[in-house]
Amino acid sequence: MSGDYASAIGRALDIKETARKTGLAVQTLYNLRSTGGDAPKSFTLRGRVRYLEADVDAWIAAAAERKVA
């Protein structure tokens, strides 16, 4: 059952994976998260910051749209 749920919500990335995918520094992600800056949606799981890969992809796509427009 938990595998089905995990498939439905997608993969959870840690902050280092998110930094690599977005091209931002880990510290920048922490700073954006704490100041409410423009960053992918995040959550904590057992005290660790996590990002859903789909949210990171959507954030990148939205940033690209703003750049083009």
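Threonine 22 is found in helix α2; helices (H or I, at least four residues) and strands (E, at least two) are DSSP runs, numbered from the N terminus. The model is a predicted one, in which local features need pLDDT of at least 70 and side-chain atom pairs count only at pLDDT 80 or more, while totals for chains, interfaces and linings use all residues. Residues are numbered from 1 along each chain as its sequence is written, and side-chain values use heavy atoms, with hydrogens and water left out.

**Helix α2**

Helix α2 spans residues 15–22, and its buried residues are Ile15, Thr18, Ala19 and Thr22. Buried means under 20% relative accessible area, exposed over 50%, and partly exposed in between (1.4 Å probe, protein chains only). Seen down the axis of α2, the buried residues fall within an arc of 100°, so they line one face of the helix; the arc is that of the directions from the helix axis to the C-beta atoms. Lys16 and Arg20, on the other side of α2, are exposed.

At the N-terminal end, aspartate 14 caps α2, with a side-chain oxygen 3.1 Å from the backbone nitrogen of lysine 16. After α2 comes glycine 23, which has a positive phi, near 85°.

Contact means heavy atoms within 4.5 Å, and residues up to four places away in sequence are not counted.

| Residue | Relative accessible area | Residues touched |
|---|---|---|
| Threonine 18 | 0% | Leu13, Leu29, Tyr51 and Val56 |
| Threonine 22 | 18% | Val56, Trp59 and Ile60 |

**The sheet**

An open sheet is formed by 3 strands in the order β1-β3-β2, with antiparallel pairing. Two strands pair if DSSP finds at least two bridges between them. The edges are held by β1 (12–14) and β2 (43–45), each with a single partner strand, so one side of each is left without a neighbour in the sheet. On average, neighbouring strands of this sheet are turned by 50° against each other, direction ignored.

The antiparallel pairing of β2 with β3 (residues 48–52) runs over 3 bridges. Threonine 44 stands opposite valine 49 in β3.

**Helices across the sheet**

Helix α2 lies across β1 and β3 and runs at about 90° to β1. Helix α3 (residues 26–35) lies across β2 and β3, at about 90° to β3. Axes are lines fitted to C-alpha atoms, for helices over the stretch in contact, and angles run from 0 to 180 degrees between N-to-C directions.

How values were computed
A polar contact is a pair of N or O atoms within 3.5 Å; within protein, one must be able to donate a hydrogen and the other to accept it, and residues adjacent in sequence count only if both atoms are side-chain atoms.
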